[in-house]
Amino acid sequence: MFVRAAEKPLVAVLQGSAYNPPPVWFLRQAGRYLPEYRKLRRESPDFLSLCNTPELAARITLQPVDRFGVDAAIVFSDILIVPHGMGRTVRFLEGEGPFLTPLRCEADIDALDADGAVERNRSLMETLRLVRRELDDRTALIGFAGGPITIAAYMIDGSGGEFHATKRLMKDDPGLVDRLVARLADAVTGLLLAQIEAGADAVQVFDSWAGLLEESASFDRWCIGPTRRIVGSVREVHPRIPVIGFPRGAGERYAQYARKTGVHALQVDQDVPLGAMRDLQSICPVQGNLDPGILLAGGDMMRRRARSIVMGLEGSSHIFNLGHGIIKDTPPSHVADLVDTVRSCGK
């Protein structure tokens, strides 16, 4: 187990402290918008190979830390390493997104290897160890995994999009969805625990397609319930390691999610108003909100919006972040400007 420095601002905020200015990092801060990433990408035959090469993945993880001085590194990986590790075929086609062999029957679910999510992804843990050695005492390291229903949707439909097959299965055979989500919750729990053992200071659960669950009952059943189970299992082993939850598209149900799952902090999307974020701060620390499109545009509008977020949430636990990932065409200079703007708010 790594010794984790107590003075890391991001970890302190996740545990309930308030900083002015707030710590800052970004979703997808390591990726295609950086020229140094694109150079390393050319050294690997495909995206999964890049994720599974610890030396390259560690360098990519550190690129935004070295360039911008953000307060956290989030390990370079993907939520779909879980089904890949469990024995399903996963392919990433350049410019088209992920493709999986769709789950077709109960036997496909029975064949899933929950332990494989860790055992076949040991390279991820090596990446974390390599990054941990390079970070200073104030920069946090974040591990992550996908939320069970989000991973399930990719596995059922075989790709992203409208997820028609997933919606149909939820209606026609919800018990089968329950079985799949339960298997995935076990796999995600194991992967998060392994990342903590490898040096992660915090972990985040990305339920990127939680917005598919339009009814409260289905949201509670397939988003809140599995996440509560994951958070509880992580707390049993590592009670002081923060778990951040991100049920993207949850809308007015973010507060319900925070209270019922027991997550230490919430990531919110760009559709959550600043006033609602202030209300959520009474439950737990918050991060997110800034539209990635505003970062893409940059300039005075971006700086004004960033200052309004920082000032609107000061005095309580807040981490500055985007409402979704950095868009691939974003100029790195805009990211540097945004970090400087956030940091200047405390001066």
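Aspartate 220 counts as partly exposed because its relative accessibility is 25%, the class of partly exposed lying between buried (under 20% relative accessible area) and exposed (over 50%), with a 1.4 Å probe and protein chains only as cover. The structure is a predicted model, in which local features need pLDDT of at least 70 and side-chain atom pairs count only at pLDDT 80 or more, whereas totals for chains, interfaces and linings use all residues. Residues are numbered from 1 along each chain as its sequence is written, and side-chain values use heavy atoms, with hydrogens and water left out.

Aspartate 220 forms a salt bridge with lysine 260, in which the closest N and O atoms are 3.2 Å apart; a salt bridge is here a side-chain nitrogen of Lys or Arg within 4 Å of a carboxyl oxygen of Asp or Glu. This pair links distant parts of the chain, with aspartate 220 in helix H12 (residues 216-237) and lysine 260 in helix H13 (residues 254-261), 40 residues apart, where helices (H or I, at least four residues) and strands (E, at least two) are DSSP runs numbered from the N terminus. Lysine 260 counts as partly exposed, given its relative accessibility of 40%. Salt bridges that share partners also join Lys8, Arg132 and Asp201 into one network.

By the salt-bridge rule, the count comes to 14. One of these pairs is formed by arginine 67 and glutamate 36, whose closest N and O atoms are 2.9 Å apart. Distant parts of the chain are linked by this pair, since arginine 67 belongs to helix H4 (residues 54-68) and glutamate 36 to helix H2, 31 residues apart. Arginine 67 is partly exposed, with a relative accessible area of 39%, and glutamate 36 is likewise classed as partly exposed, at 23% relative accessibility. A salt bridge is also found between arginine 179 and aspartate 110, with the closest N and O atoms 2.3 Å apart. Here the linked parts of the chain are helix H11 (residues 174-197), which holds arginine 179, and helix H6 (residues 106-110), which holds aspartate 110, the two residues being 69 residues apart. Arginine 179 has a relative accessible area of 32% and is therefore partly exposed, as is aspartate 110 at 42% relative accessibility.

A positive surface patch is formed by Arg38, Lys39, Arg42 and Arg59. Patches are made of residues with over 30% relative accessible area and no salt bridge, like charges being joined within 9 Å and nonpolar side chains (Val, Leu, Ile, Met, Phe, Trp, Tyr) within 5 Å.

Turning to buried positions, threonine 127 lies in helix H8 (residues 122-134) and is buried, with a relative accessible area of 0%. Apart from neighbours within four places in sequence, threonine 127 is in contact (heavy atoms within 4.5 Å) with Cys51, Pro54, Ala57, Ala58, Thr61 and Val75. The C-alpha atoms of threonine 127 and alanine 57 are separated by 6.3 Å, although the two residues are 70 residues apart along the chain.

Phenylalanine 206, in strand S5 (residues 202-207), counts as buried at 12% relative accessibility. Not counting residues up to four places away in sequence, phenylalanine 206 touches Leu27, Ile74, Ile79, Phe144, Ala145, Gly146, Gly147, Thr150 and Phe246. Threonine 150 is 56 residues from phenylalanine 206 in sequence, yet the C-alpha to C-alpha distance is 8.0 Å. Threonine 150 is among the buried residues of H9, a helix spanning residues 148-157 that is mostly covered, with nine of its 10 residues buried. H9 is followed by glycine 158, whose phi is positive, near 90 degrees.

Several backbone features complete the description. The peptide bond from asparagine 20 to proline 21 is cis, with omega near 5 degrees, and proline 21 is found in the loop between helix H1 (9-14) and H2. Arginine 28, located in the loop between H1 and H2, has a positive phi of about 55 degrees although it is not a glycine, and counts as exposed at 52% relative accessibility. A positive phi of about 100 degrees is found for asparagine 289, also not a glycine; asparagine 289 lies in strand S8 (residues 286-290) and counts as buried at 2% relative accessibility.

Technical notes. Areas by Shrake-Rupley, 256 points an atom, 1.4 Å probe, with all protein chains shown as cover. Lys, Arg positive; Asp, Glu negative; His and termini not counted. Charge placed at Lys NZ, Arg CZ, Asp CG, Glu CD.
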